[in-house]
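Here are my notes from going through the model. Have it open alongside as you read.

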Amino acid sequence: MRFISTRKGLEATCAETIFRGLAPDGGLYVPVCADEKGPLDFSKLGDLRACEEYVLGKLFGDLPAEVRTAAVDRLLSRFPAADPIPLVSADGLRILELFHGKTGAFKDVALSMLPVFMKYAAGGRRVLVLTATSGDTGSAAMQGFSGVEGTEVAVFFPNVGTSRIQRLQMTTPADANVHAIAIKGNFDDAQAAVKRIFADPAINAEAAAHGVALSSANSINTGRLVPQIAYYILAAARLGGQPFDVVVPSGNFGNILAAYYAKKLGAPIRKFVVASNVNDVLARFVKTGVYDPGDRFTVTNSPSMDIRKSSNVERLLWLLNDGDCAETARLMSDLATKGRYELNDAAKAKLFADFEGGVATPEETEAEMRRMRAACGYVLDPHTAVATFVARKLGFPRGGVPTVVAATATPYKFPETCRRAFGEDVLTNPPPDFKALETLPVVQTKVVEVAGIDDAVRRLFA
């Protein structure tokens, strides 16, 4: 499999894309893959192992087979359930439960595998993994890399906006190689700083002088993105290969982009529905073809979606423009210089054919949590409630075609929102890892200004 960068077409092996994270031209790495020809044999893809092996074989085929197997083995060993990703029915929708890992979020799958890929790609070099998080990626990265020899992880998260459980998941880990640093800013501030650090020759040279290489655990890294594609191959297999629509609560756009790649690998997905909270940049983009983050930012009850600048959209731009790196670079330059960009007519037509979008306010989100529980007894987390609300608002399911909603987090991550939505405590049986959080001491206490992120990273070189 060949990977190239989105802006200049720089080639790299899959191991290089994992080790580097961000491409040298400031863009992201994308696999150069044709759409799969012919139907998949879904009878051979009935469990998560088979689906991960299929996806890794297609996109990470130049990694040794034993590395791919070790990554899948590690993933499955870290999920207590016999079925790590159930597909359940609730109120006419099919809920793909992606939250049965250690931190209760969909990122646990890929971040159980990424340390295996990273150790191989690093080839004995010391790696500092920088991670911006709006709440979920940080804790999953810390869990995934905790105690992994030759790696350190630094997680930057908003000092205001995460749930109490999300914060505890990031501030209680005590392993020497994991670091959580709160910033006096939002996710966009953290992500912009991390990307700038990756692209800064002086900081990278300083890291190299200390024998350190910088990488990422965000979904800008192919090692995070590629394993997520298996979610939707598995959903297709569970549905017997029939067409279906997907609805994904979207923040940094990686999860719904994984579904888009799943279609290229043979999953019969009809529509991709972007569900946004009131930070609705993505929903507006898929409706208009104009990406305009604007100046408004709102802290909501679905904090992992409180994002205005979504990195993975750049990969979609490259795909919509048929791999035209110059056009992708132009659009990203417009975003940097003008604060917005607009797709050309041909790219818009492709976007509108495949994608739809909708928005749920915080009030609508909590009302949807109550409605779903009253309708069928299913308790949603606030992010998944955004998705089910948008699905109903847009009239899904449509035409007898199943609608798969990505349930991206467990409600146990958001007890305050659940208590407010239901007027009572409905979370009566927390997972063991969540119970333990309440007794662990807080050991990660550092808080920095946004301007202090660079120095915080430098202090980790020694």
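1. Let's start with phenylalanine 355. Setting aside neighbours within four places in sequence, phenylalanine 355 is in contact with Phe253, Ile256, Tyr260, Phe272, Val274, Val286 and Leu316. Keep in mind that this is a predicted model.

2. Phe355 belongs to the largest nonpolar core, a set of 106 residues. Along with Tyr232, Ile233 and Phe285, Phe355 touches the most other members. Helix 9 (residues 222-238) is the biggest giver to this core, with eleven residues. As general background, nonpolar side chains in soluble globular proteins tend to be buried together.

3. Next, a helix pair. How do helix 4 and helix 5 cross? The axes of helix 4 (residues 107-122) and helix 5 (residues 137-145) come within 8 Å, at a crossing angle of roughly 40°. The crossing of the two is right-handed.

4. If you want to look at the contact itself, the helix 4 side consists of Lys107, Asp108, Leu111, Leu114, Pro115 and Met118. They meet Thr137, Ala140, Ala141, Gly144 and Phe145 in helix 5. By type, the residues of this contact split into seven nonpolar, two polar and two charged.

5. Now the backbone. Most residues other than glycine have a negative phi, and most peptide bonds are trans. With that in mind, here are some places to check.

6. The peptide bond running from phenylalanine 396 to proline 397 is cis, with omega near 0°. Where does proline 397 lie? Look in the loop between helix 16 (382-393) and strand 15 (403-407).

7. Aspartate 91 is not a glycine, yet it has a positive phi of about 55°. Aspartate 91 sits in the loop between strand 4 (87-90) and strand 5 (93-97). Its relative accessibility is 36%, so aspartate 91 counts as partly exposed.

8. Aspartate 322 also has a positive phi, about 55°, without being a glycine. You'll find aspartate 322 in the loop between helix 12 (313-320) and helix 13 (325-338). Is aspartate 322 buried or exposed? At 64% relative accessibility, aspartate 322 counts as exposed, because the cut-off is over 50%.

How values were computed: Residues numbered from 1 in each chain as written. Predicted model: local features only at pLDDT ≥ 70, side-chain atom pairs only at ≥ 80, totals over all residues. Heavy atoms only, no water. Axes fitted to C-alpha atoms, helices over the stretch in contact; angles between N-to-C directions. Helix = DSSP H or I, 4+ residues; strand = E, 2+ residues; numbered from the N terminus. Left-handed = near helix turned anticlockwise from the far one by under 90°. Contact = heavy atoms within 4.5 Å. Nonpolar A, V, L, I, M, F, W, Y, C, P; charged D, E, K, R; others polar. Core = buried A, V, L, I, M, F, W, Y, C linked by side-chain atoms within 4.5 Å. Buried < 20%, exposed > 50% of the residue type's maximum accessible area, 1.4 Å probe, protein only.
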